[in-house]
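Subject: Structure handover

Hello,

Here is the structure I promised. My notes follow below it.

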Amino acid sequence: MSHDFANILFAGPCNRFCPFCIGKELPDRANEENLNLYPLRNQDAFIREVQRLDIREIVMTGTTTDPQLYRHEERLLSEMRRQLPHARFSVHTNGVLALRKLEAFNSYDRACISFPSFRSDTYEKMMGSRIVPDLRSILRESRIPVKVSCVINEHNVHELDDFILEAHSIGVRRLVLRKLFGETRTWDVLKDRIPESHYRDNPVYNVDGMEVTYWDFDRTTSKSINLFPDGTIGPSYLLAATPAFMARSSAIPG
Ligand code: SF4
């Protein structure tokens with residue numbers, strides 16, 4: 001199987017505090033801070049591996065932090081574009097800095113924003129802050145395609161219908177509803193609708209022109225390589241199943 005994408009992972013203090021943060025699944029040494037570092041640990045070896053495997057999708061994301069907190073965001077991106085001219089680059093972010101770092105945000109090819117609720121009470125339970133990013137303004141100012149990724153748990157599942165309506169009304173065109181890895185509960189997602197298609201076994205719905213995917217990691221197979229903050233280059237889609245770490249399993253956000 002060829003590789004679907006390559007992840008560049010950042011670690012350090014985050015501007016949100018999600019109880020389900022993927023970084024908690026990894027050993028501390030994998031989360032060695034790299035927010036002020038240029039070049040990243042093993043950056044050149046990672047690029048050579050991406051070239052060797054001819055991977056065309058590169059994702060900037062985090063284990064314990066938001067990739068837009070990386071100090072050298074634009075420098076790294078332009079260097080990667082120089083060395084990987086055929087690749088597409090995306091950022092998987094919580095969106096907190098998108099408006100403040102709009103030029104950097106718009107310099108990716110596309111973005112995925114983790115956004116579980118429009119309501120500050122719910123948002124706080126899931127992201128550890130009452131300050132909800134202004135998704136409407138982000139979409140208005142964005143010059144790149146933006147996908148919204150919404151983790152579902154007991155805090156927001158009851159407001160999902162309203163969430164979908166509001167997302168549609170502010171201009172979201174691609175929405176992913178995401179079960180957390182290891183989640184044993186099943187959620188009644190869009191139960192009155194028939195999927196229009198499936199993507200990697202996940203149902204895809206058309207809600208008045210908005211594409212809504214119910215993403216279930218447990219049934220998903222993807223293949224990626226990952227540049228961890230400590231410089232480890234891991235071959236596993238399930239980050240914590242990286243042979244160098246062998247901790248509990250988890251999956252890349254997004
Ligand atoms: S925004 Fe992402 S990196 Fe930050 S705490 Fe939440 S899950 Fe972790």
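Strand S4 and strand S5 (residues 146–152) run parallel and are joined by four bridges. Strands and helices here are DSSP runs, numbered from the N terminus (E, at least two residues, for strands; H or I, at least four, for helices). Two strands count as paired if DSSP finds at least two bridges between them. Ser 114 stands opposite Ser 149 in S5.

Before going on, the ground rules. This is a predicted model, where local features need pLDDT of at least 70 and side-chain atom pairs count only at pLDDT 80 or more, while totals for chains, interfaces and linings use all residues. Residues are numbered from 1 along each chain as its sequence is written, and side-chain values use heavy atoms, with hydrogens and water left out.

The sheet

S4 covers residues 110–114 and also pairs with strand S3 (residues 88–93), in the parallel sense, over four bridges. Ser 90 has Arg 110 in S4 as its bridge partner. S3 in turn is joined to S2 by four bridges, again parallel. There, Glu 57 stands opposite Arg 88 in S3. S3 is mostly covered, with five of its six residues buried. Buried means under 20% relative accessible area, exposed over 50%, and partly exposed in between (1.4 Å probe, protein chains only).

At the S11 end, S10 (residues 224–227) pairs with S11 in the antiparallel sense over two bridges. Leu 227 stands opposite Ile 233 in S11.

Two buried residues

Ile 113 is found in S4. With a relative accessible area of 1%, Ile 113 is buried. Leaving aside neighbours within four places in sequence, its contacts include Phe 105, Leu 135, Ile 138, Val 146 and Val 148. Contact means heavy atoms within 4.5 Å.

Asn 153 lies in the loop between S5 and helix H6 (160–169). Asn 153 counts as buried, at 8% relative accessibility. Residues up to four places away in sequence not counted, Asn 153 touches Met 126 and Trp 187. Ile 113 and Asn 153 are 40 residues apart along the chain, and their C-alpha atoms are separated by 17 Å. Asn 153 and Ser 222 are 69 residues apart in sequence and 23 Å apart in space, C-alpha to C-alpha.

Cores

The largest nonpolar core has 51 residues, and Leu 175 and Leu 177 touch the most other members. Another core, of six residues, lies apart from it, with Cys 18, Val 96, Met 127 and Val 151 among them. A nonpolar core is a set of buried Ala, Val, Leu, Ile, Met, Phe, Trp, Tyr and Cys residues joined through side-chain atoms within 4.5 Å. Leu 175 touches Val 148, Phe 163, Ile 164 and Met 210, among others, not counting residues up to four places away in sequence.

Ligand

Which residues are around the ligand? They are Cys 14, Arg 16, Phe 17, Cys 18, Cys 21, Thr 64, Thr 65 and Asn 94. The cut-off is one heavy atom within 4 Å. By class, the shell has four nonpolar, three polar and one charged residues.

Backbone points to check

Most residues other than glycine have a negative phi, and most peptide bonds are trans. The bond from Tyr 38 to Pro 39 is cis, with omega near -5°. Pro 39 is in the loop between S1 and H1.

Arg 200 has a positive phi, near 50°. Arg 200 sits in the loop between S7 and S8 (202–207). At 28% relative accessibility, Arg 200 counts as partly exposed. Asp 208 also has a positive phi, near 50°. Asp 208 is in the loop between S8 and S9 (210–216). Asp 208 is exposed, with a relative accessible area of 59%.

Best regards

Terms used. Ala, Val, Leu, Ile, Met, Phe, Trp, Tyr, Cys and Pro count as nonpolar, Asp, Glu, Lys and Arg as charged, and the others, Gly among them, as polar.
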